[in-house]
Amino acid sequence: MKTYYKPFLFTLILSLCLGCTQSTEEWQNLVDKDLSQWDIFLGIPHKSSGIEGYETVEDVRGGHPPLGLGNKKNVFSVIEENGEEVIKITGEIFGALVTKKEFENYHLTFQVKWGEKKWPPRLEATRNNGLLYHSIGDFGAGLWNTWMTSLEFEVEETNFGDFITINDKNVRAKCPATKRPSGKHHYDETAPLHLFSWAEGTGRCFKSDDYEKPFGEWNTVELIAYKNTNIHIVNGKVVNVVYNPEFFNGEKWIPMTKGKLQFQSEAAETFYKNVKLKSISDLSDGYKKYLK
């Protein structure tokens, strides 16, 4: 009896520690040295990149054709750091690392830290490289000829976990939020639901609090996407919850409950590791309170 009890107990404890959600699958590692599970799409390069045909481009937010599929100037790569495979994003050209597969009802986790390098046109801006999820439609069709229509889990200095709609006016969602004296809406678990859409004035709900670690340290980010609920977690703290995201397809609003993942390149050197995902069939008791 002693021989079998301990392994069973260890397995039970491990499943509870890693669970947070009820899963029917194991964690999938999404990173290998060849980025074989991803596509790379690059937007409009700034003139400082020295790419032929873009020598005069100051505004990379549209008005010019994107570079498209491909990895010019090695914007996205995998390096080895302390024996681990790490995604390096130079940030030199706005772009997206896009999963080949779509995902629905999942728990995603990864670690992220900033590098030193920054690029025009954001040399004076805060470092910014978000995670875009439930990405649908064509490459580059959501924003600035660069990113797909999607929902953003913001990864930005001092703003880890903000929610942003990525499409000018055709994406909307709700978050419980309170408007602070700054005029910004921040996630507040106890507040009524507020509609976020750029067509309604703002498509951004700021996080509840700042749980980012000091510069250069690894931050652990988690996204739990289950049915109509998306939970943003930063270093173990729930900082935002997004409900009922929808996309207007020209005729009607359709739910956004699945899609591809995109890691942005947005003018800041950034590193990602331990990018893992598992399918879930329910939320654990600790997160069920967020269901509406």
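Predicted model: local features only at pLDDT ≥ 70, side-chain atom pairs only at ≥ 80, totals over all residues.

Biologist: Why is the pair D34 and K33 called a salt bridge?

Modeller: The N to O distance is 3.3 Å. The cut-off is 4 Å, so the pair qualifies.

Biologist: What makes D34 buried or exposed?

Modeller: D34 has a relative accessible area of 57%. Exposed means over 50%, so D34 is exposed. K33 stands at 59%, so K33 is exposed too.

Biologist: Why is the pair E157 and R127 called a salt bridge?

Modeller: Their side chains meet at 3.2 Å, N to O. That is within 4 Å, so the label holds. The pair links distant parts of the chain, 30 residues apart. E157 lies in the loop between β11 and β12, and R127 in the loop between β9 and β10. Both E157 and R127 are buried.

Biologist: How do you know that D162 and R204 form a salt bridge?

Modeller: The N to O distance is 2.8 Å. Within 4 Å counts, so this is a salt bridge. D162 is in the loop between β11 and β12, whereas R204 is in strand β16. They sit 42 residues apart. Both are buried, each under 20% relative accessible area.

Biologist: What joins R122, E154, E156, D162 and R204 into one network?

Modeller: Salt bridges that share partners. The count for the model comes to 16 salt bridges.

Biologist: Which residues touch the most other members of the largest nonpolar core?

Modeller: L108 and V275, out of 72 residues. Contacts of V275 include W38, I87, L108, F110 and F263.

How values were computed: Residues numbered from 1 in each chain as written. Heavy atoms only, no water. Core = buried A, V, L, I, M, F, W, Y, C linked by side-chain atoms within 4.5 Å. Buried < 20%, exposed > 50% of the residue type's maximum accessible area, 1.4 Å probe, protein only. Contact = heavy atoms within 4.5 Å. Helix = DSSP H or I, 4+ residues; strand = E, 2+ residues; numbered from the N terminus. Lists of a residue's contacts leave out its neighbours within four places in sequence.
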